[in-house]
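This note is intended for a colleague who is meeting the structure below for the first time. Please read the numbered points with the model open.

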Amino acid sequence: MVEFRVDPFPSADELDALWLQAWGSHASGEFPRILSRSLAHIGAYESGELVGFVNVAWDGGIHAFILDTCVHPRLRRQGVATRLVNEATVLARDRGAHWLHVDFEPHLFSFYRSCGFRPTEAGLIKLR
């Protein structure tokens, strides 16, 4: 059974292990600093192991941003990511955000649409 925890502050090793499974790359070593400034973050745990994660960054005002949504491959398509995003939405609202933004790759359009996000016009510059 998957347990969801609000603001669990997972260790760099836990996040790195999840990133390797989910994306085949290492997590940024900056997460402790990043999470300390986030509006919220949610971890999904199975038998004490971090198996899902989402970060809610913010501008310090009314805008919040979904970042780093990921789920361990063995638990995909079981509602874990949907629950993470839904929990993040509630937390962002409860903590004062008026708008919740998300950027995503085209293959995730249906997923985020099913979570209630609607397309908007936006600008983007890739810096790296």
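Which residues have the most contacts inside the largest nonpolar core? The points below begin with the sheet and then return to this matter.

1. The model under review is a predicted one. Its five strands form an open sheet in the order S1-S2-S3-S4-S5, and the pairing is mixed. Strand S1 (2-6) and S5 are the edge strands, each pairing on one side only. Direction ignored, neighbouring strands of this sheet are turned by 25 degrees against each other on average.

2. Helix H1 (residues 12-23) packs on the sheet, where it touches S2, S3 and S4. The direction of H1 makes about 70 degrees with that of S4.

3. The antiparallel part of the sheet may be taken next. S1 and S2 are paired in the antiparallel sense over five bridges; arginine 5 has glycine 43 in S2 as its bridge partner. Strand S2 (residues 40-46) also runs antiparallel to strand S3 (residues 49-58), and seven bridges join the two. Glycine 43 stands opposite phenylalanine 53 in S3, while glutamate 46 stands opposite glutamate 49 in S3. S2 and S3 form a hairpin with two residues between them, and serine 47 in the turn has a positive phi of about 50 degrees.

4. Because seven of its seven residues are buried, S2 is largely enclosed by the rest of the structure. In a regular strand the side chains alternate between the two faces of the sheet. In S2, Ala40, Ile42, Ala44 and Glu46 point one way, whereas His41, Gly43 and Tyr45 point the other way; all are buried.

5. The parallel part of the sheet involves strand S4 (residues 63-71) and strand S5 (residues 99-102), which pair over four bridges. Phenylalanine 65 has histidine 101 in S5 as its bridge partner. Together with helix H3 (residues 80-94), S4 and S5 make a right-handed β-α-β unit.

6. To return to the opening question, the largest nonpolar core has 24 residues, and those with the most contacts inside it are Ile42, Val56, Ile66, Val80, Leu84 and Phe117. S2, S3, S4 and H3 each supply at least two residues of this core. H3 gives the most to it, with seven residues. Apart from this core lies another, of 11 residues, among them Leu15, Leu18, Tyr45 and Leu50.

7. Leucine 84 shows how several parts of the chain meet. Its neighbours within four places in sequence being left aside, leucine 84 is in contact with Phe4, Ile42, Gly43, Ala44, Gly52, Phe53, Val54, Cys70 and Val71.

8. Aromatic residues deserve attention as well. Phe104, Phe109, Phe111, Tyr112 and Phe117 form one aromatic cluster. The count of aromatic pairs comes to eight. Phenylalanine 111 and tyrosine 112 form an edge-to-face pair, 4.8 Å centre to centre and with 75 degrees between the planes. Tyrosine 112 has a relative accessible area of 5% and is therefore buried.

9. Is glycine 116 buried or partly exposed? Its relative accessibility is 47%, so glycine 116 counts as partly exposed. Glycine 116 lies in the segment after helix H4 (109-114). Glycine 116 and valine 85 are 31 residues apart in sequence, and 9.8 Å apart in space from C-alpha to C-alpha.

Methods. Residues are numbered from 1 along each chain as its sequence is written. This is a predicted model: local features need pLDDT of at least 70, side-chain atom pairs count only at pLDDT 80 or more; totals for chains, interfaces and linings use all residues. Side-chain values use heavy atoms; hydrogens and water are left out. Buried means under 20% relative accessible area, exposed over 50%, partly exposed in between (1.4 Å probe, protein chains only). Two strands pair if DSSP finds at least two bridges between them. A crossover is right-handed if, with the strands pointing away from the viewer, the path from the first strand over the helix to the second runs clockwise. Axes are lines fitted to C-alpha atoms, for helices over the stretch in contact, and angles run from 0 to 180 degrees between N-to-C directions. Contact means heavy atoms within 4.5 Å. A nonpolar core is a set of buried Ala, Val, Leu, Ile, Met, Phe, Trp, Tyr and Cys residues joined through side-chain atoms within 4.5 Å. Rings of Phe, Tyr and Trp (its six-membered ring) pair if their centres lie within 6.5 Å; planes under 30 degrees apart count as stacked, over 60 as edge-to-face and the rest as tilted.
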